[in-house]
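Please read the following report with the sequence and the model side by side.

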Amino acid sequence: MLRTLASLANSKWIPPTATLFSIPSVMDGRSFVRLVNERGQLLAQQIKKSLMDESSHLRSQASDQLCEEKALEMCAPLTNLRLRDVENAVMEKYGLKTDRLATCLVPYRVAVNTILERMPPAARQESIEGLRQAEEQHHNAEKTSSRPELIAWKEEDVYVSTGLSYLKRINPHQKESIPVFCVMGHVNHGKTTLLDALQQTQVSDMEPHGITQMLRCFTTHNPYVSHNELCTFVDTPGHQVFVESRYHAQLIADFVILVVSVAEGVHSQVHEVVKTALNIDRPIIVVLNKLDLFTDARSAERAVRRTLHDLKEIGLDVTLVRGETTTHRGESSLGGKDTSDREDHLTPAQRQLVLSVSKMQSLASLKQKELFFARAKTLDPTYRGSRSAPVLNLRRKCVGVCISATKRINIAFLWEVLQTCRRTCPPMRYNNTIGPKAHNCVVQAVVVESSKHLFDEEGFRQNTSRQRIQKKVDHMQQKKKDRFEKKSVRSRIHASLYSVQRAARAHNRTSTTCLVLTAIVREGVIRRGMHFVADQSEGQVDYLMDYWGNVLDYATPGMAVTLIDARSTSGCPGVGTHVLSMVSESERMRVYNYRRMLQWYLECFPKRLELLRPRGMDVTFAHLGDYGQLQRTTSLESQLLYGPPPPSPGGQLAGSAVVKSLGAYLQEKNEQEADHRSNALMTRDGTVGRHALATKRVEQAVLPKADAGTIERLWSSLQPHERIESQEAYDRFMADCIKVGVLLKVDSWHSARMLQREMLRLGTRRVAFQTMGVRFGGLQVEDITFLVRPLKLFFAIAFLRTIPLRLTDTWRRVTFGFSTRIISLMSSRS
């Protein structure tokens, strides 16, 4: 009988009726062992049933017991798998070992190989055939088979496509949504002033230091029409250092409003905005600003023509447009009275300039408006604009409008152009009514800015809603502190010890428990109480408001809103990632924990990503954000942030033309801008020259020009001779440097990214600055203690054997010894 059972077990295999081992991209070691043990028991039961069916003629209590023992013996390697076996296989056999992880992470392919090695022979062969067929289907982009397999890859994450697939099934027809316009241009060209003119607000008066330093999102209605037509505007900073903010703003927007001062002409950031918009395929509306600075129409016309010529050289064929009628006393071309375009206060020459728009082409007579307002790839599928491989020489058509934001000239007509753009090529969405409870990811929004603190330097003092939320949070913390003080001494000592342990294990190490997200809705309706995941963060919408602090009941596609989770325990999501709704808290935490493990793996093993998914599948994980595993130096984002890509290893072929990269082009324009800024002068005859900087802001000099030039030359001479282009070169560079730790206290995610990027550039060949921590909000005493406590422990351990210490005077003596050694070290290095 035993020989019969053995022959049946090795020769006959009945396929399973359901997938036994559903393996995600990554699992922790304990969960993997638990899964294998439990599924091994189920496999043993299936094998037992197979053996009993095949030996039905031998059925008896003894034969059934033998079948059960044989099945358990065949599956014993699976049911007896232990954590130490998995750790040895992962760390020793596959080399996935690092000191940064306290747990064992098991990627998909390692998990599959571990299971196959311990399977019965017949089941192993069946599983290998099924896996090979699935990999071929993934490689050929075919639909996977619905036949159950023993081992199959399982998607644990959620995506934008998860919600869109559901929305397309229930409602395949798209609907119009609120358009998003991104206002961009060079510094001091009047972007914020233009938004104030469009919205009839005074945002520029609230700006700290008189300049825009963050992304701002407004959803406002058109004041020149009777019905409520909403538009969303994104205000962007114009300084060179905010290049990442401008890049993300263009990705989020549907259309780009390029503001160019005709008094100053085309500058470096205009080149950057145009080249970026052409590569990511965003329609552009050119706004020629500051017409009120000219004393006569002829000089203004020359400046406008010069600006249009410069824009044409960049890649924009601008067609200036006008309205049907041009009025003298505030009659709008849209009908009715235009209170913002009043010309009572204009000089005769400026009024003549306004009337000169009759020489332009009428907006109503503009033919084929799609050529100006539609995306280029919808018109020409062969359009070469790309984010992964940006092209320098691109061209498109766009419309242009002459205005004065300060004097409110032609603002009503600009609104008409925006409405024409909206009617010609409206943004379309699948869902503007369904709430978050219907399905996972049916409500989607794009993160514009994120923070872990309610305070921001610009709007907190005027935003009464945020002040009320902060008072409520402070009140709850004070109540908790009061209850703690009423306890006995023993209870307080134990609670203090436990709180220290909880703080050491806590995931939220960034200031407060308030997660503040500025987002633009893409699909669905956001309401209070919605559970969501965004990048490596999760939470629940406790408060929903607009930029001004007005509480909202809901937000529809295209609206800009602020989401606040007052009890968040996670960090800030990256800008450009999606806020995805979840149906319940359990689903939210499941996705959050999976993404957290995936992030750990990506950060620790960036060169072993192929182990995360079956062969033939994409392993970039770009939807979660950039963790450093994407090393595409030729991409648009990399060239904008870090300059031109390094030359290819093969070098330039003999006789081939040298193609300038986008990064090299922008670097050259930025250097020209620096020279231009130092040589900018105002003409003596009272008129405004092309290179004049007649603006409301002035540059605040900290040092005299001579001293600043000396320091800049000295700093430049101490820079590294070669560019760091690999992780190995960076590690060698850091090993030879004196490292200075820096604690960053910022107000937003973009500020943290910018400071971390600029911090590396502040160092020299001998000194390197490293970010030790990033916290959000205003600088407080607890931030100093956050930095000092680990340093104090480290210094005490490092100098315990060499410096005599007393318990009451430890910190003073350790600090003295540490500073003395650092000074001597720097002296020897210099």
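## Y166 and its contacts

Not counting residues up to four places away in sequence, Y166 touches A438, H439 and V442, where contact means heavy atoms within 4.5 Å. Y166 and H439 are 273 residues apart in sequence, yet their C-alpha atoms are 7.6 Å apart in space. Y166 belongs to helix α8 (residues 160–170). Helices (H or I, at least four residues) and strands (E, at least two) are DSSP runs, numbered from the N terminus. Y166 counts as buried because its relative accessibility is 18%; buried means under 20% relative accessible area, exposed means over 50%, and partly exposed is in between (1.4 Å probe, protein chains only).

## Basis of the model

This is a predicted model, in which local features need pLDDT of at least 70 and side-chain atom pairs count only at pLDDT 80 or more, while totals for chains, interfaces and linings use all residues. Residues are numbered from 1 along each chain as its sequence is written, and side-chain values use heavy atoms, with hydrogens and water left out.

## The whole chain

The chain has 26 helices and 25 strands. Of its 830 residues, 48% are buried. Among the contacts in the chain with a separation of 6 or more, 77% are between residues 24 or more positions apart.

## I564 in strand β22

I564 lies in strand β22 (residues 560–565). With a relative accessible area of 1%, I564 is buried. Leaving aside neighbours within four places in sequence, the contacts of I564 include L454, I469, L515 and V516, and also Q540, V541, D542, Y543 and M545. I564 and T518 are 46 residues apart in sequence, and the distance from C-alpha to C-alpha is 8.9 Å.

## Two helices that cross

Two packed helices are described by the angle between their axes and the distance between the axes. Helix α9 (residues 191–199) and helix α16 (residues 411–424) have axes that come within 10 Å and cross at roughly 85°. Therefore α9 is roughly perpendicular to α16. The axes are lines fitted to C-alpha atoms, for helices over the stretch in contact, and angles run from 0 to 180 degrees between N-to-C directions. Angles under 35 degrees count as roughly parallel, over 145 as roughly antiparallel, 65 to 115 as roughly perpendicular and the rest as oblique.

Which residues of α9 and α16 meet? On the α9 side they are L194, A197 and L198, and on the α16 side I411, L414 and W415. The residues of this contact between α9 and α16 divide into 6 nonpolar, no polar and no charged. Here Ala, Val, Leu, Ile, Met, Phe, Trp, Tyr, Cys and Pro count as nonpolar, Asp, Glu, Lys and Arg as charged, and the others, Gly among them, as polar.

## Aromatic rings

A pair of aromatic rings is described by the distance of the centres and the angle of the planes. The structure holds 7 aromatic pairs. Rings of Phe, Tyr and Trp (its six-membered ring) pair if their centres lie within 6.5 Å; planes under 30 degrees apart count as stacked, over 60 as edge-to-face and the rest as tilted. F218 and W548 form a tilted pair, with 5.7 Å from centre to centre and 35° between the planes. This pair links distant parts of the chain, 330 residues apart: F218 is in strand β7 (residues 216–221), and W548 is in the loop between β20 (543–545) and β21 (554–555). F218 is buried at 2% relative accessibility, whereas W548 is partly exposed at 36%.

F233 and W415 form an edge-to-face pair, because their ring centres are 5.8 Å apart and their planes are at 80°. F233 lies in strand β8 (residues 230–235) and W415 in helix α16, so this pair ties together parts that are 182 residues apart in sequence. F233 is buried at 0% relative accessibility, and W415 is buried with a relative accessible area of 0%. One aromatic cluster is formed by F181, F233, F255 and W415.

## Positive phi angles

Most residues other than glycine have a negative phi, and most peptide bonds are trans. Q368 has a positive phi, near 50°. Q368 is located in the loop between β12 (361–362) and α14 (370–373), and is exposed, with a relative accessible area of 56%. D535 has a positive phi, near 55°. D535 lies in the loop between β18 (531–534) and β19 (537–540), and counts as buried at 10% relative accessibility.
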